[in-house]
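Please look over the sequence and the structure shown below. The report that follows goes through them part by part.

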Amino acid sequence: MSEWQTKRLGDVLQLNYGKSLPLKSRVGGSIPVYGSNGVVGSHNYPIVDKPGLVVGRKGSAGEVHFSRGPFCPIDTTFYVTEDDAPDSDLEFLFYLLRHVDLRRITGDVGVPGLNREMAYMEPVRLPAALPEQKKIAHILSTVQRAIEAQERIIQTTTELKKALMNKLFTEGLRNEPQKQTEIGPVPESWEVVELGSLAKVGNGSTPKRANEAYWEDGTIPWLNSTKIHDRVITAADQFVTPQAVKECHLPKVAPNSLLIAITGQGKTLGNSAITRIETCINQHLAYAQFHSPNIAPDFVLWFMQTRYDYLRSIAHGGGSTKGALTCGFLKTLSIPVPSTDEQKEIVTVFQTLDDKHDSAASKQSALQDLFRTLLHELMTAKARVHDLPLTA
């Protein structure tokens with residue numbers, strides 16, 4: 001088992017200045033061009049003809065990236081190759097620099113910048129023997145590759161879901177001829193009806209916060225527009241009392257009702273969700289409580305994802321209160337209605353993709369937690385590679 005040494009970063013590696021390579025001078029090719037925040041383009045000829053590390057110097061100062069082949073580091077970066085750290089494993093240094101986190105010492109005035117001489121003064125601990133460095137790098141890179149694999153699944157399911165939304169709500173699943181409607185082309189057998197013919201549409205309100213009798217020891221779920229981002233709502237964070245429901249005339253929204261954000265900051269306005277619980281809602285949400293046996297609420301939820309930009313344009317354009325949607329407008333919103341069997345099949349497609357996305361996101365989060373723990377434990381020698389069940 002090798003001994004660990006404490007050194008100044010400047011005694012471990014040399015930070016070289018990147019080169020100017022403006023966009024107009026780049027010729028598209030296979031060589032990645034790195035800025036402080038990662039790959040920013042490509043070129044046909046490398047500035048550095050071997051693998052290396054890229055450290056942000058300006059902008060995203062202190063960020064670290066690893067190019068596993070020849071690359072072009074531009075003048076907002078530093079770079080390091082194996083020649084600049086002859087006694088260390090390059091991949092180990094990549095993780096060491098992430099652990100040291102040079103972002104801590106960047107300037108906070110104007111454009112953040114990393115001073116090379118200040119970086120050189122940073123104390124670092126590392127094993128003297130290359131084999132231990134390589135084993136540490138191997139363990140961390142194994143976890144990093146697993147994180148990247150989950151990210152690819154997330155990106156793939158997101159892109160596939162977006163493509164299928166456009167396809168399934170215009171072509172359906174039965175290979176039918178299409179007809180033109182007010183919402184665009186849909187299969188010939190589909191109806192297009194107003195939301196108000198399928199559901200009761202209304203909105204909620206907020207009991208006075210100053211009245212403790214409305215909130216203290218409340219047992220009835222109450223939702224505000226921040227919950228709309230959950231898409232499928234199974235629990236509430238706030239509760240009101242029966243007195244609040246009675247005196248403030250709060251509607252109780254039935255389970256499997258559609259909720260729509262009719263006002264909101266950022267990306268909230270126009271978003272939709274399904275509540276699986278009976279709940280009250282605030283004035284920034286509208287509800288559609290379905291009474292028609294011919295519609296699957298989750299089908300409408302997925303269709304509403306395709307209406308997001310349209311709803312926002314209506315709210316900020318015309319046909320409704322400026323900056324908001326009204327229940328009157330929502331009642332007239334056109335909804336496609338295929339057969340109940342086809343609705344269920346389309347819902348299953350999107351639910352399967354959502355489950356795959358959520359599973360990958362959960363695994364990625366767990367792996368990221370594992371990576372952070374291992375990075376700290378291995379880079380502080382609290383855990384030694386000889387004690388771990390993984391091998392290089």
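Five strands make up an open sheet of mixed pairing, in the order 13-20-17-18-15, where strands are DSSP runs (E) of at least two residues, helices are DSSP runs (H or I) of at least four, and both are numbered from the N terminus. Two strands are taken to pair if DSSP finds at least two bridges between them. At the edges lie strand 13 (199-203) and strand 15 (232-233), each of which pairs on one side only. Strand 15 runs parallel to strand 18 (residues 272-275), with two bridges between them, and Ile233 has Thr275 as its bridge partner in strand 18.

Helix 7 (residues 297-305) packs on this sheet and touches strand 17 (257-261), strand 18 and strand 20 (285-290); contact here means heavy atoms within 4.5 Å. The direction of helix 7 makes about 165° with that of strand 18, where axes are lines fitted to C-alpha atoms, for helices over the stretch in contact, and angles run from 0 to 180 degrees between N-to-C directions.

## Basis of the model

This is a predicted model, in which local features need pLDDT of at least 70 and side-chain atom pairs count only at pLDDT 80 or more, while totals for chains, interfaces and linings use all residues. Residues are numbered from 1 along each chain as its sequence is written, and side-chain values use heavy atoms, with hydrogens and water left out.

## The chain as a whole

The protein chain contains ten helices and 21 strands. Its radius of gyration, taken over C-alpha atoms, is 28 Å, well over the 21 Å that the globule rule gives for 392 residues, so the chain is more spread out than a compact globule; the rule is 2.2 Å times the number of residues to the power 0.38. The C-alpha trace spans about 75 × 55 × 45 Å along its principal axes.

Of the 392 residues, 48% are buried, a term that means under 20% relative accessible area with a 1.4 Å probe, counting protein chains only. Among contacts with a separation of 6 or more, 69% are between residues 24 or more positions apart.

## Helix 1 and its surroundings

Helix 1 (residues 90-100) is mostly covered, since nine of its eleven residues are buried, among them Phe92, Phe94 and Tyr95. These buried residues pack against strand 5 (52-56), strand 6 (64-67), strand 8 (77-80), strand 9, helix 3 (130-171) and helix 10 (340-379).

At the N-terminal end, Asp89 caps helix 1, with a side-chain oxygen 3.3 Å from the backbone nitrogen of Glu91. After helix 1 comes Asp101, whose phi is positive, near 60°.

## Glu122, a buried loop residue

Glu122 sits in the loop between helix 2 (116-120) and strand 9 (123-127), and is buried, with a relative accessible area of 13%. Its side chain makes a polar contact of 2.5 Å with the side chain of Arg104; such a contact is a pair of N or O atoms within 3.5 Å, of which, within protein, one must be able to donate a hydrogen and the other to accept it, and residues adjacent in sequence count only if both atoms are side-chain atoms. Beyond its neighbours within four places in sequence, Glu122 is in contact with residues including Lys7, Leu9 and Val100.

## Two further strand pairings

Strand 3 (residues 31-35) and strand 7 run parallel and are joined by two bridges, with Cys72 as the partner of Val33.

Strand 10 (residues 178-181) and strand 11 (residues 184-187) run antiparallel and are joined by four bridges, and a hairpin links them through two residues.

Methods: Buried < 20%, exposed > 50% of the residue type's maximum accessible area, 1.4 Å probe, protein only.
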